[in-house]
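Please look over the sequence and the model shown below, and then follow the walk through its helices, its sheet and its aromatic rings.

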Amino acid sequence: VYEAVNKESRKNFFIGMHNEFVGTRAPAAAAFCCFQAATTGGEFIVADGRRIFRDLPEPILKDLYNRQIRYSVMELPFFNWIDNLPGFLHNSVQDVVRGVVSAAVNQKVDFDVDMQWGYSDYDNAKMLQARAPRQPPIVPHPVTQEPTWFCNVHSHSSVLRHQREKIYGEERFEDGASRINKSDMFFGDDGPLPAATLQVLDEITQKHMKYVKMSEGDVVLLDNYKTMHGRNVFDGKR
């Protein structure tokens, strides 16, 4: 049993549509229970991945399926100090730091993580970004074999999150974990997704989103392969 308390500091953070999985592992089903409803908003959101798959334009589907996708699952924005070192030390220090961090992270997860240097989209801090292996954005349902959209771009894309921040306000960072748990999505070859593709993915996902207002004691049981889920912004505790 896992109980998630949505802090009031996260009330303006819209959680995009996603399936539950880590690396190549995914549960067949997931249950979500309401212990305390928000004062306003905070609806649980669901969307049928099969319908999203059917509505996506064929060129976008082919491009994503052929090139596959890759997630960044973590950002460690603690390395501005490296840029303050003499230039001749940068490469050697980066190699050592990347090696140490990569070894530590890969001991904690059951899939291979590739650490890459970059700069944060939020505050331009020098960071190490952890990227998961390539995977397909469409999978067959394990029982029915129906093709279904199994791709967390709506929740993981930093571009789409920034767009939502313009509507709901910027995310507030209350602790180090909030800064670390930053995600993004790329093609499997690490290329960025075109803005036009992200716009289409966002529009079709929103088309199929259904808002479920839960009360204390309500439980929503989902087929994790058929159904994506997310959460609306809210006021009060949730």
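This is a predicted model: local features need pLDDT of at least 70, side-chain atom pairs count only at pLDDT 80 or more; totals for chains, interfaces and linings use all residues.

Which residues of helix 2 are buried? The buried residues of helix 2 are Ile 60, Leu 61 and Leu 64, where buried means under 20% relative accessible area, exposed over 50% and partly exposed in between, with a 1.4 Å probe and protein chains only. Helices here are DSSP runs of H or I with at least four residues, strands are runs of E with at least two, and both are numbered from the N terminus.

Residues are numbered from 1 along each chain as its sequence is written, and side-chain values use heavy atoms, with hydrogens and water left out.

On the face of helix 2 turned away from its buried side, one finds the exposed residues Glu 58, Pro 59 and Asn 66. The buried residues of helix 2 pack against helix 1 (49-55), strand 5, strand 8 (138-140), strand 9 (147-149), strand 10 and helix 8, a contact being heavy atoms within 4.5 Å. Just after helix 2 comes Gln 68, with a positive phi of about 60°, although Gln 68 is not a glycine. This residue is found in the loop between helix 2 (58-67) and strand 5 (69-76), and Gln 68 is partly exposed, at a relative accessible area of 21%.

At the start of helix 6, a side-chain oxygen of Ser 157 reaches to within 3.3 Å of the backbone nitrogen of Val 159, and just after the helix, Gly 169 takes a positive phi of about 100°.

A positive phi also occurs at Asp 190, where the angle is about 75° although the residue is not a glycine. Asp 190 has its place in the loop between strand 10 and helix 8, and with a relative accessible area of 28% Asp 190 is partly exposed.

An open sheet of 4 strands has the order 1-13-4-11, with antiparallel pairing, two strands being paired if DSSP finds at least two bridges between them. Its edge strands are strand 1 and strand 11 (210-212), each of which pairs on one side only. Inside this order, strand 4 (residues 44-48) and strand 13 (residues 227-231) run antiparallel and are joined by 5 bridges, and Ile 45 stands opposite Gly 230 in strand 13.

How many aromatic pairs does a search of the whole structure find? The search finds 6 aromatic pairs, where rings of Phe, Tyr and Trp (its six-membered ring) pair if their centres lie within 6.5 Å, and planes under 30 degrees apart count as stacked, over 60 as edge-to-face and the rest as tilted. The rings of Phe 21 and Tyr 71 have their centres 5.9 Å apart and their planes at 55°, so this pair is tilted. The pair links distant parts of the chain, 50 residues apart, with Phe 21 in the loop between strand 1 and strand 2 (29-33) and Tyr 71 in strand 5. Phe 21 is buried, at a relative accessible area of 17%, and Tyr 71 counts as buried at 3% relative accessibility.

Phe 79 and Trp 117 form an edge-to-face pair, 5.4 Å centre to centre with 85° between the planes. Phe 79 lies in the loop between strand 5 and helix 3 (80-83) and Trp 117 in strand 6 (residues 114-119), so the pair ties together parts that are 38 residues apart in sequence. Finally, Phe 21, Tyr 71, Phe 150 and Tyr 225 form one aromatic cluster.

How values were computed: A polar contact is a pair of N or O atoms within 3.5 Å; within protein, one must be able to donate a hydrogen and the other to accept it, and residues adjacent in sequence count only if both atoms are side-chain atoms.
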